[in-house]
Amino acid sequence: MSAADAGFMARALQLARNGFYTADPNPRVGCVLVKDGQILAEGWHAQAGQAHAEVDALAKLADPALARGATAYVSLEPCSHHGRTGPCCEALVAAGIRRVVAAMQDPNPLVAGNGLRKMRDAGVEVSCGLLRADAEQLNRGFIKRMLSGLPFVRSKLAMSLDGRTALANGASQWISSEQARQDVQKFRAESSAIVTGIDTVLADDPSLNARVDFAVKQPVRVVLDSHLRMPLNAGMLQLPGETWVIACHEDHAKQMRLRDAGCKVWTVDSRMGRVDLNAAFKLLARQQINTVWVEAGASLNGALLQTELVDEWLLYVAPCILGDSARGLFRFPELHRMEDKVKLELLDSRQIGPDLRLRYRPRRA
């Protein structure tokens, strides 16, 4: 691969980010058509049901005949199956594309190398793997869902310097700064779903929407509510978008009232009297949820800390002290040995206004 190839692929990845907040549940994909070192057309996938990146680029050609003998740089293997749109690999072949450079193979079992193979069989020169790490970073949620049947999960926490999230009386607005809260909105916007626990709903009546000034597909609001205590007048039910309740209690009358109020209600197995978290997140993946943003209290985060479901912990540390009677970040059984401590690995740190944002991932055993 040449430096020029890398440059055109970098452009394809940049184009893919145009669908960063809107393409869900599909992957974010960009495409650049090049001939004789010159870009002929560019495309990206903007929204599920609309043209894929390759078809979008082909449609933008000044003359369709220009595609003959050109190279297509695509941030993800062109699809080979019939969904809401036709196979992109066939569209590239039909257009006369001579060479295709893909950043990575599609993890979707319906594709998974079939698109590359079909193009090779049609005489197209195909290569795969250029800037793969960048392409994988762009679609972590989609890739994880396809390979593991689970979404990519990130939990947000906000605390004081002494590790407290709220006063003893429950008051918590606001520990973090306005800048940090705006930063959170962008993470919400890039997520497929925002998950919280019923205790947070009852205490704070959160909106759980992305309040941003750009086009976004609003994430699904998901409440883990073991015994169907969701208030019928919850503020989030008055907002556009979907609210899902995941329970482990088969009370059909309560379920019907929640459905009448606009909720979608799911039931999963229980674990120690509460929603089985593994079952709940697998359910979300089956409903095409790629990325989950968790905003919850100490009980749910404590339960999550004991699982391997969370991929990243995003921690906003405010320069203030709340005291030893204030509430902590996690609630889980007491540890008696230092060997049992939960270990995290720091990925990066950044100052957001007066606050410090720390990004961690679990250190798996």
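**View 1. Aromatic pairs in the predicted model.** In this predicted model, the rings of Phe, Tyr and Trp that have their centres within 6.5 Å of each other are taken as pairs, and the count comes to six aromatic pairs. A pair of aromatic rings is described by two values, namely the distance of the centres and the angle of the planes.

**View 2. The pair of Phe8 and Tyr73.** The two rings are 5.2 Å apart from centre to centre, with 40° between their planes, and the pair is tilted. Because Phe8 belongs to helix α1 (residues 3-16) and Tyr73 to strand β3 (residues 71-74), this pair ties together parts that are 65 residues apart in sequence. Phe8 and Tyr73 are both buried.

**View 3. The pair of Tyr21 and Phe214.** Here the ring centres lie 4.5 Å apart and the planes meet at 45°, so this pair, too, is tilted. Tyr21 is found in the loop between α1 and β1 (30-35), while Phe214 is found in the loop between α8 (198-204) and β9 (220-224), so the pair ties together parts that are 193 residues apart in sequence. Tyr21 is partly exposed, with a relative accessible area of 22%, and Phe214 also counts as partly exposed, at 30% relative accessibility. Ring pairs link Tyr21 and Phe214 with Phe20 into a cluster.

**View 4. Arginines over ring faces.** Phe20, a member of the cluster with Tyr21 and Phe214, has Arg17 lying over its face, at 4.5 Å from the ring centre. In another part of this legend's subject, Arg181 lies over the face of Trp174, and the distance from the ring centre is 4.4 Å.

Technical notes
Residues are numbered from 1 along each chain as its sequence is written. This is a predicted model: local features need pLDDT of at least 70, side-chain atom pairs count only at pLDDT 80 or more; totals for chains, interfaces and linings use all residues. Side-chain values use heavy atoms; hydrogens and water are left out. Rings of Phe, Tyr and Trp (its six-membered ring) pair if their centres lie within 6.5 Å; planes under 30 degrees apart count as stacked, over 60 as edge-to-face and the rest as tilted. Helices (H or I, at least four residues) and strands (E, at least two) are DSSP runs, numbered from the N terminus. Buried means under 20% relative accessible area, exposed over 50%, partly exposed in between (1.4 Å probe, protein chains only). A charge sits over a ring if NZ of Lys or CZ of Arg is within 6 Å of the ring centre and within 35 degrees of the ring normal.
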